[in-house]
Amino acid sequence: MKRRNFLYGAAGAAGSFTMSGVKPPDWRPLQRRKIVMETQGTARNLIFMFLSGGPSQVDTFDLKPGYWTPDLMGVESVGDGSYWPAGTLPKLNRLRDKFTILRAVSAVEAVHERAVYHATTAHRESPSQLAEVPLFGSVMSYMLHDQRKPEDILPTFIRTGTADAKNGFLPVEHLGLSLNGSARLEDVDHPYAGASERFQLLDRMFESMDEMSGQRQQRAVLQKKARNLMTEEVKTLINGPQGGPSDFARGEAFLRQAETAVRVIAADRGTRVFMTQLGGWDNHSTIYDPLFLPAMSRLLDESLAYMIEKLDSLPASGGGPGTLLDQTLIVAMGEFGRTVGPLNLSQGRDHFPYAMSVFMAGGGVQPGRRIGATDERGGVIIDPGWSHLRFMGINDVWASIYSALGIDWTQRFWDTPSGRPFEIVDSTIYGQSFAIDALFE
Amino acid sequence: MRGMLILLCSPLLFPAMAMGAAPPSRANGLDSFFPAMENALHQKRNVLLADDYSFFRRVWIDLAGRLPSLEEARAFADDSDPRKRARLIDEILDSEAFTHRWTHHLGELFWNRINGESTYRNRFHFSLQEMIASKKGWDEIAREILTEFGGGFGMGSSFNFWTLKGFGTRVRLDFLDDQMGFITESFLGVRTQCISCHDGAGHLEELNQGLVSKTREDFWAMAAFLAQTYFYQPNAIEFDDQYAFYRELQLVDVDLETTYTGAFQLTHPEETEGPLAEYLAQSQVGEGMRPPRNGGIIAPRYLFSGETPAPGEIRRHALARMITADRQFARAMVNRLWAHLFAEGFVEPLDNFDLARLNPEIAEQHDTAVQPRDHHVLEYLTDHFIESGFDIRALLRLLCNSRIYQAAYERASAQSGSHLTYWFSNRRERRLDAETIVDGIFQILDLERRYTVYKMPDQIFGTTWAMPDSRTPNTLHNGRNVRAAEQAAQGLGFESFASYQHIQLGTSALLDTFGRADRQELIPRKLENTIQNSLTLLNNPVIFDHVLGDEPAPYVAALIEARASDSKSEDAITRELFFRLLFREPTPAEYELFMSYWDGKAPQQAIPDMLWALLNHPDFLFR
């Protein structure tokens, strides 16, 4: 039976404490390698922009115009038979030599919940491991932990919006910091006199407690982390110098996320991975309604262009050569593509896993490329565009991201609560994933 | 497993009762499972029961989402009646707080949110509330919802159950399929949507063995039970009056032979041809969310048994009859109720039952493993639930009276890793729900809170659990008439419109931070611990202006006054704070720490600081 394959070699590693889900304070997952992959290590930081709902690739990064395409898209030919929607992605149109598009990506899941999970964990959703598979940011937080400097006050991983996966089996320290949809951290100030004695009481109260386990211990850890963030510097870094209202309309909120991501990364105070989220791409009907895809595209255009230009204007951190953009990988993708060709009867496009596009810029990715190609409608991958001569899976995209960050994505952890090994990018179902060489060479 | 069965049958293995606590009734059948298992695995270790204070807090929080008051808890602890725990359980099951909590529970299960018009949501909320309050069986509730017809503005209307998919889906066949997927998930705990696009074979082998043998056509036949149902607007009304449009909208059941005149059909666009009251599986590429359907007229047939409606039987009535007669209907609810009390269901996620993995025999036939964590207990409870007439209270009563529920699990941990000891472990520890935390804090402070809900101008809610949805307060004004808003706010007993807004919006933000369900975005409730909610509990002004600010809440002011006038000692106040917030004595170390905190401090400094620290104690936040 297939389940058995998961379990080989796990019995010895699954000690009694891991089965209970309660980990002693000095617990660290055991790591072992299956094969050692060479990594690119070209990126110091990652900004991952998740476009939830599944944007239509044939109306954005892999535009395939037809009689259905409205004028407002501003179709422009960009050579070798490719097109760009200059009307809805105007700023990126001017920055075409700054980014690269993967057009031969194929997802496997076609239902939002499962596809989002896959796209944010590099693992397919399995009820038996639901509680232990971490979000990509938690994995990175754990893997990059040794590189933290004493002066790093911000968590390695910050995200906005919601995600199903959390820190999984990794220690709660790597849960990361979640900001609200407007990328704000609330209640940072303690606006009452006598704070120092009061907080001392709290500290000593925690010291006086019996050794805690499980959720109580996690709570104590997070509270400590929370208190370290209660400084004017952190507040300004995250919420911006002006402060401003805590809740924005969706469009403005998203731009605020992009600003915050750049500000926090540029500050170089510990945060290396930032996830932003822009929902609203699930256009089953009236996709060309000005409020739907065209409006979403302009937001995407605005924020990606902002991030590219701003990061490119800042020097690399640590006195390295080049700009901060060279050190920071920007990735924008949804969970799957959408149906191609003429619209459905509701004037929309439906879920389509077989072809989708992924946007990448900076972080050592060679700019100005369109890697892989689809047919004239955009539904069939006709040119993989990389050395493996097959379509790029979601997991190959993740292998590339991990590789850019210098993390070997084939590493396995053995002492998970279920006893099933956890591989950073899962290879149990579709075989080994590889970094997409055409991005870097 | 076979060895376990023998153990279960042996009366010799029942352990002695823990000393000192009032024993749960001997007649509790659930206990016959767990002591035997405990014994077999732990060399006759007794199951220690929680003390009266812990039990009192736990059962109030679990059954009613309410932090009880210290006075009630003291009275309970002083009561010498050996049956007081059973009596308390009955009392809570009959309380108004229980009704609010479980109305909310069902509201979340059915995603009762604003679909088009908030009145629909509000009326469905009160319909559910009425069903819980009048102790209707789960089967009767299901029947009422599944056979609903007519408009959504009537009292006792379940119309909103049909709008979630009805208004969001433009193609009629998609509506029928989506609605049926929603029905099997919420009432049977089985996700069937997969097979609305493709057959089970070749797709679901790793996800759901029970659905592998089912085909798309089987699913259409299930959805065909709804084929006679559609939305209809009887009168020609100008659409610029949206309210009138929504008021006139009807859920029509053609089988009921009620006739309507007019022409507007919301979910039946003109493109679809053929008889309205049948499931005509005929669609084209690009029509709706699914691959084309190609099967002609599909007659209704129950997906899990193959049963068809009796001649002349109204199809949705037949559906309700078959669903409520399906053992899985009872089993799914048992799983939900168990998960509510024990933090995790027999099957997780709760709507992810695989019917080919229910027990060893059927699992063996499918060459797979059993899915429920303990199928003996699950089936035992399912029998009990069916025999009680699908009485939610009766099942909760059985569970809460059991020793496993009343066990002192807080300090235990399941070191052996066996699933049998799972529910004795500190895995049962969960953070309190957002509503319990927020209501609880204001209650501790003796601050009365008044909340309103959009489109219910005259209704005041005293707890956040009672609201149809806590995120949409009544706006009180239309953005123009500020004076009217002031008057309205004062009419509701608020100082000003500003203070009304501060309380409505501030509470809403607090609930968000602590992870209430976002029904509008279909995001389920979260009991996470996060950096943000840690910060909120340290610093949030909506709470702490009343503790650490210049105008302390009544409870804080009273304590300060009592200390200043020396009517309460430092010792008495310290102990009272521990009991009021944590329902226990301070430990010696805590007592020493808190008593030393009084040194050199005025009561107006020491008391608020202690209260603030204890609100951040894990024992306050967890159950």
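## Second largest pocket

In chain B, helix α22 (residues 497-513) contributes most to the lining of the second largest pocket, supplying three residues. Helices (H or I, at least four residues) and strands (E, at least two) are DSSP runs numbered from the N terminus. The model is predicted: local features need pLDDT of at least 70 and side-chain atom pairs count only at pLDDT 80 or more, while totals for chains, interfaces and linings use all residues. Residues are numbered from 1 along each chain as its sequence is written, chains are lettered from A and ligands numbered from 1 in the order in which they are written, and side-chain values use heavy atoms, with hydrogens and water left out.

The volume of the second largest pocket is about 540 Å³. Its lining comprises 17 residues, of which R449(B), E495(B), S499(B), I503(B) and H546(B) are the closest to the centre. A pocket is an open set of points on a 1 Å grid over the protein atoms alone, where a 1.4 Å probe fits, with protein on both sides within 12 Å along at least five of seven lines; lining residues have an atom within 4 Å of a point. Grid points are joined across faces, edges and corners, and the volume is the space filled by probe spheres set on them.

By residue class, the lining holds seven nonpolar, four polar and six charged residues. Ala, Val, Leu, Ile, Met, Phe, Trp, Tyr, Cys and Pro count as nonpolar, Asp, Glu, Lys and Arg as charged, and the others, Gly among them, as polar.

## Salt bridges in chain A

A salt bridge (a side-chain nitrogen of Lys or Arg within 4 Å of a carboxyl oxygen of Asp or Glu) joins E109(A) to R124(A) at 2.8 Å, N to O. E109(A) lies in the loop between β5 (99-106) and α4 (112-121), and R124(A) in the loop between α4 and α5 (136-143), 15 residues apart. E109(A) is buried at 6% relative accessibility, whereas R124(A) is partly exposed at 24%; buried means under 20%, exposed over 50% and partly exposed in between (1.4 Å probe, protein chains only).

K235(A) pairs with D189(A) at 2.7 Å, N to O. K235(A) belongs to helix α8 (residues 232-239) and D189(A) to the loop between β7 (177-179) and α6 (195-208), so the bridge ties together parts 46 residues apart in sequence. K235(A) also forms a salt bridge with E232(A), at 3.9 Å between the closest N and O atoms.

## Totals and network

Over all chains, the count is 69 salt bridges. One network of salt bridges links D62(B), R101(B), E108(B), D433(B), E435(B), R525(B) and R623(B).
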